[in-house]
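Subject: Structure for you to look at

Hello,

Here is the structure I said I would pass on. Please open it next to this email and follow along.

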Amino acid sequence: MSSFSRSAQQWATFARSWFLIDARMQPPGKIASMCSVRLQGKHKPIYHPMSDIGDHVVVMNTRHIAFSGNKWEQKVYSSHTGYPGSFKQLTAAQMHKKDPTAIIKLAVYGMLPKNLTRRTMMQRLHLFTDDVLPEDILKNLTEELPQPREIPRKLSEYTQEERDAFPMLWTPPEDYRMK
Amino acid sequence: VVCFTVVEKKDGKTTVIEGVIDPTSEQPQPPNPTASCPIYRWNLQNKYNYTDVLLLSQFIRSDGGMLPRRITGLCAQEHTKIVICIQMAHRAGLLPDHKPPLPEGHVPKPKSNPPLNRYLTRYSVKSVKPIYKTGLKWCKKRMSVGHPALKNNVRYSPKPLYIKH
């Protein structure tokens, strides 16, 4: 704010903030793009690729990520260490079972700029499988970001009044049973 | 459409015949009553999706199966669209109470991996094979999301609907 003193204004522009994202029922690609934008510092008007102004991002509930379509079975993560016979191909489901944070980590790694600053930005990304966060990270958090995808409500989450208020589209014939 | 029952009361020489309106049977009128398909009657042609569980639950049995078209009165295209939406809703886990009944005394095996969250799944989970070789950019094997039958749905955002991811 312009009403701050000069030193306070300088601190407010160049301080490194900590963002929190809840990845429950969210597509990992959208979460990763939000993370990469904030890790590079592209959400700040003072952005420059050479100045190290990225923020910290904490992602929780990575175990409860939701892929659209059949990507859990179709998406394949391949890796090769360089030695013969070490070409591994894992489906997203197998990868997630082995390491629940790996999918988001690889997604963010692929979205960051391919230069030497990428490794430092990945060090500023903190991934947690559930919503239990260590105390020192909880103390540092400044802002929680809104979730990119609206979670649809299950049928059991609707109240009886809402179900009654919804009109019946068709009347079943009287001699039909078994519903 | 209002349903009422006729009630007769006798007090000595006077008989009172009354029509009692059943409050639960007052149904709102559809905006387009002269149409054969219930979805066209309510003008919901391109406006429903797999998330509209209140609408979809009216066409399913208690074990999750679909009701026949000759009973519900749906036209062919809307019947297929609703079947597709119900399949996607089942796979997304939005209809938890409409599962087929397990035989009595059956103890479910302890599952090694918890069920994965998914949405807009076109194909059944067991039938899909992994794409080991995706191919080059001009001939990439894309992963399909959603269903092309729902491509005419109303979109309120300027971005188009992507079916191939």
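Predicted model: local features only at pLDDT ≥ 70, side-chain atom pairs only at ≥ 80, totals over all residues.

The contact between the chains

Chain A puts 38 residues into the contact, and chain B puts in 48 residues. About 3900 Å² of area is buried between chain A and chain B, and carbon and sulfur atoms give 64% of that area. On the chain A side, the residues that lose the most area to chain B are A:Q74, A:L169 and A:W170. Together these three account for 19% of what the chain A side buries.

Two loop residues in chain A

A:E157 sits in the loop that runs between β7 (143-144) and α8 (160-165) of chain A. Its relative accessibility is 45%, so A:E157 counts as partly exposed; the class lies between the cut-offs of 20% and 50%. A:W170, named above for the area it loses to chain B, is 13 residues from A:E157 in sequence. In space, the C-alpha atoms of A:E157 and A:W170 are 24 Å apart.

A:R124 also lies in a loop, between α6 (117-123) and β6 (125-127) of chain A. Is A:R124 buried or exposed? A:R124 counts as buried because its relative accessibility is 12%, and buried means under 20%. Leaving out residues up to four places away in sequence, A:R124 touches A:R16, A:L39, A:D52, A:G54, A:D55, A:H56 and A:V57.

The second largest pocket

This pocket has a volume of about 1000 Å³. It is lined by 26 residues, and those closest to its centre are B:R91, B:K111, B:P115, B:L116 and B:R118. Which elements of chain B each supply at least two residues of the lining? They are α4 (76-92) and β3 (117-119). The most comes from α4(B), which gives 3 residues. By type, the lining of the second largest pocket has 12 nonpolar, 5 polar and 9 charged residues.

A hairpin in chain B

Strands β1 (residues 4-11) and β2 (residues 14-21) of chain B run antiparallel and are joined by 8 bridges. As an example, B:T5 has B:V20 in β2(B) as its bridge partner. The hairpin of β1(B) and β2(B) has 2 residues between the strands, and in this hairpin B:G12 takes a positive phi near 70 degrees. When you look at the strands, remember a general point: in a regular strand the side chains alternate between the two faces of the sheet.

Regards

How values were computed: Residues numbered from 1 in each chain as written. Chains lettered and ligands numbered in written order. Heavy atoms only, no water. Helix = DSSP H or I, 4+ residues; strand = E, 2+ residues; numbered from the N terminus. Buried < 20%, exposed > 50% of the residue type's maximum accessible area, 1.4 Å probe, protein only. 1 Å grid on protein atoms, 1.4 Å probe; cavity = no way out; pocket = protein on both sides within 12 Å on 5 of 7 lines; lining within 4 Å. Points joined across faces, edges and corners; volume = space filled by probe spheres on them. Nonpolar A, V, L, I, M, F, W, Y, C, P; charged D, E, K, R; others polar. Pairing = 2+ DSSP bridges. Contact = heavy atoms within 4.5 Å. Buried area = accessible area lost by both parts, 1.4 Å probe.
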